[in-house]
Amino acid sequence: MAGPAPGHLNDPERDQMIDTYYREHSRELWALFYAMCSDAERAYDAVQEAFLRYYDYHGEPVRDLRAWLLRVGQNWLRDVARKKSSSCGLLPGLDEFAGRRESAEDILRLSERQGQIRKAMKELNDDDRKVLVMKYSMDWSAAQMATVMDCSAAAVDMRLSRARRRLAEVLLEQGFEYE
Amino acid sequence: MNDSSANRSSKQPSELQMDSLLRDFFALETPSLLKQPFQRPTMSHEHLSHEHTSRVAISPAASASVSLVAVEEPTAARSPRNHRLIVASAISVLAMSLMLAMSVQEGQSSSSSTSAVSVAVPLPDSKSSEETMNVSSEGDQPSSSAAVSEDGTTQEELDAIRVSPLK
């Protein structure tokens, strides 16, 4: 996925290229960052940070924009993790439900469920988390995942099944109740 | 132990349940903001750093009245890094002033100690050394007649004294 070399394009062209690239790849980048930190908001911030830095970047032409953005976002996530800055947001995930029609109890219950699953996801190892993110967040097929993971589609299915089972076990230990 | 494992496996959700749970989870977890286009900064950082005062734009349509269109608060857009820089520079200024105060205090105490010494050994006064000395009109010419000591010895007599080693 080699990106163009927008460092030398005119500004309107460059802006348009960044817009297009953001539209097409921000979701995927978010998912990859999410797989690293298990924090939706932080992963989103990492995407924004990476694109903003690219927007301000006027150095050598970037050969592989995806790799460049990934590296910038990844470094930013590492910096944040090192500083352990505690963000003062709303209750985790609660802001996502703002403006919805459900009752306050329903919203709270849903938010708690999200929090429990998020916590359980953090307990998984990197491989399990990545495979779940690729499947459920990026909506990749087994064949696509097999290419990335350098294994067969059947092996991907096995890994997925194992990751789901491990997640279910962690949730069970947490006392998670299925609806 | 067998009971607990059996109990666990009975509580274990099906693959389908987990599949649905994960789909719902990620659907909610993905920020809706990602669907929006990339929001690039409207003002560059350089511009923000230069413009500290509130900007008041005058509406061209208004013929006699001046309308306040926008008041910018660039301080709100400052990054935390800037705040840290300000705090760091304030701390360094405080530290420097403290060090300066301490050195001045030390200087005062040391000067008082030297003055105590100077009581015993008075330093030559630079002012008095600059003043003209009382020299006779004859300069350094030997004065033959004038007595230089209390017993009436003249300068000539003093000059005539020759010191020779004892044999």
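**Charged pairs in chain A**

A: Asp126(A) and Arg129(A) sit 3 residues apart, about one turn of the helix, and both belong to helix 5 (residues 126-137) of chain A. Helices here are DSSP runs of H or I of at least four residues, strands are runs of E of at least two, and both are numbered from the N terminus. This is a predicted model, in which local features need pLDDT of at least 70 and side-chain atom pairs count only at pLDDT 80 or more, while totals for chains, interfaces and linings use all residues. Residues are numbered from 1 along each chain as its sequence is written, chains are lettered from A and ligands numbered from 1 in the order written, and side-chain values use heavy atoms, leaving out hydrogens and water.

The side chains of Asp126(A) and Arg129(A) form a salt bridge, at 2.7 Å from N to O. A salt bridge is a side-chain nitrogen of Lys or Arg within 4 Å of a carboxyl oxygen of Asp or Glu. Asp126(A) is partly exposed, at a relative accessible area of 46%, whereas Arg129(A) is buried, at 6%. Buried means under 20% relative accessible area, exposed over 50%, and partly exposed in between (1.4 Å probe, protein chains only).

Helix 3 of chain A holds another pair, Arg82(A) and Asp79(A), also 3 residues apart, about one turn of the helix. In this salt bridge the closest N and O atoms are 3.4 Å apart. Arg82(A) is exposed, with 63% relative accessible area, and Asp79(A) is partly exposed, with 33%.

Glu28(A) and Arg66(A) also meet in a salt bridge, 2.9 Å from N to O. Glu28(A) lies in helix 1 (residues 11-37) of chain A and Arg66(A) in helix 3 (residues 65-83), so this pair ties together parts that are 38 residues apart in sequence. Glu28(A) is buried, at a relative accessible area of 10%.

Charged pairs also involve chain B: Asp139(A), Arg164(A), Glu15(B), Asp19(B) and Arg23(B) are linked in a network of salt bridges. Over all chains, the count comes to 11 salt bridges.

As for the setting of these pairs, chain A has 7 helices and 0 strands. Of its 179 residues, 40% are buried. Among contacts (heavy atoms within 4.5 Å) in chain A between residues at least 6 apart in sequence, 63% join residues at least 24 apart.
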